[in-house]
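Let's explore this protein together, one question at a time.

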Amino acid sequence: MSDIGDWFKSIPFVTRSWFAASIAVPFIGKLGLVDFRHLVLVPELVYSRFHLWRPVTATLYFPITPNTGFLYLVNLYFLYHYSTRLETGAFDGRPADYVFMLLFNWICIVITGLLMNMRLLMIPLIMSVLYVWAQFNKDTVVSFWFGTRFKAHYLPWVILGFNFIIGGSFVNELTGNLVGHLYFFLMFKYPMDLGGRSFLTTPEFLYRLFPNRRGGVSGFGVPPSRRPAAQDQAGGGGGGRHNWGQGFRLGDE
């Protein structure tokens, strides 16, 4: 148990909180402590009865059944792995900027979910984080099933196809990819590469809640085109290669 506790404590704070909530809320619904129907997003109840908790719980809840258990574990692994990579890599020492990214992506996903009558929002938020990681590391070579290798730039779309095969839908993954692209474009691509104005800025109150840990310099400073090399060093990419989990052995790194 101490090994599990040490491992859990080693997860960076934001990812650890998100990861723990994404385990606790599904099991609360599974055990019947709270009726799962109170945890999913129901637009008409949000509008008419002000069930304002639903956008939050729908992001953390996932039904655990014999048919969905594997998909849940896969996406829980994606959450742990790629959120940790981002928080300790491109966002290292800047928890406020990372929290802002999650909040922006979450708000966009909630709006999309309300418009499209989506019940569960866990996968879209996880995929949006994975998409941002892939953009920071687009030239990193990743490994997938059966030893296939490709650049990380394609990983979100490969996973979209993979989850479609095992889950039968791609709407959640597509929503997450598009939201992740919107964040990356507005925060980095448009102002840094295209010389446009900056539309997204981390609010000051987030810096007060989550102060920078290295020198107190907020913002990113380095264009994302120069991020992958630094990310490889921070994430232990192993000479430009990243093992996603050869043969899909969850947790092997």
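Q: How far does helix 5 reach from its first C-alpha to its last?
A: Keep in mind that this is a predicted model. Helix 5 (69–88) has 20 residues. At 1.5 Å a residue, the expected reach is 28 Å, and the helix comes close to that. Its own reach is 28 Å.

Q: How many of the 20 residues of helix 5 are buried?
A: Buried here means under 20% relative accessible area. Helix 5 is largely enclosed by the rest of the structure, because the buried ones number 16 of the 20.

Q: Within what arc do the buried residues of helix 2 fall, seen down its axis?
A: The buried residues of helix 2 include Val14, Trp18, Ser22, Val25 and Gly29. An α-helix has 3.6 residues a turn, so residues three or four places apart point the same way. The buried residues of helix 2 line one face of the helix, because they fall within an arc of 140°.

Q: Which residue with a positive phi follows helix 2?
A: Helix 2 covers residues 13–30. The phi of the residue in question is near 80°, and that residue is Gly32.

Q: How many charged residues are in the lining of the largest pocket?
A: The largest pocket has a volume of about 350 Å³. Its lining has 13 residues, with Trp18, Leu60, Leu102, Leu103 and Leu125 nearest the centre. Eleven of the lining residues are nonpolar and two are polar, while the number of charged ones is none.

Key. Residues are numbered from 1 along each chain as its sequence is written. This is a predicted model: local features need pLDDT of at least 70, side-chain atom pairs count only at pLDDT 80 or more; totals for chains, interfaces and linings use all residues. Side-chain values use heavy atoms; hydrogens and water are left out. On a 1 Å grid over the protein atoms alone, a cavity is a set of points where a 1.4 Å probe fits but cannot get out, and a pocket is an open set with protein on both sides within 12 Å along at least five of seven lines; lining residues have an atom within 4 Å of a point. Grid points are joined across faces, edges and corners, and a volume is the space filled by probe spheres set on the points. Helices (H or I, at least four residues) and strands (E, at least two) are DSSP runs, numbered from the N terminus. Ala, Val, Leu, Ile, Met, Phe, Trp, Tyr, Cys and Pro count as nonpolar, Asp, Glu, Lys and Arg as charged, and the others, Gly among them, as polar. Buried means under 20% relative accessible area, exposed over 50%, partly exposed in between (1.4 Å probe, protein chains only). The arc is that of the directions from the helix axis to the C-beta atoms. Contact means heavy atoms within 4.5 Å. The expected span of a helix is 1.5 Å times one less than its number of residues.
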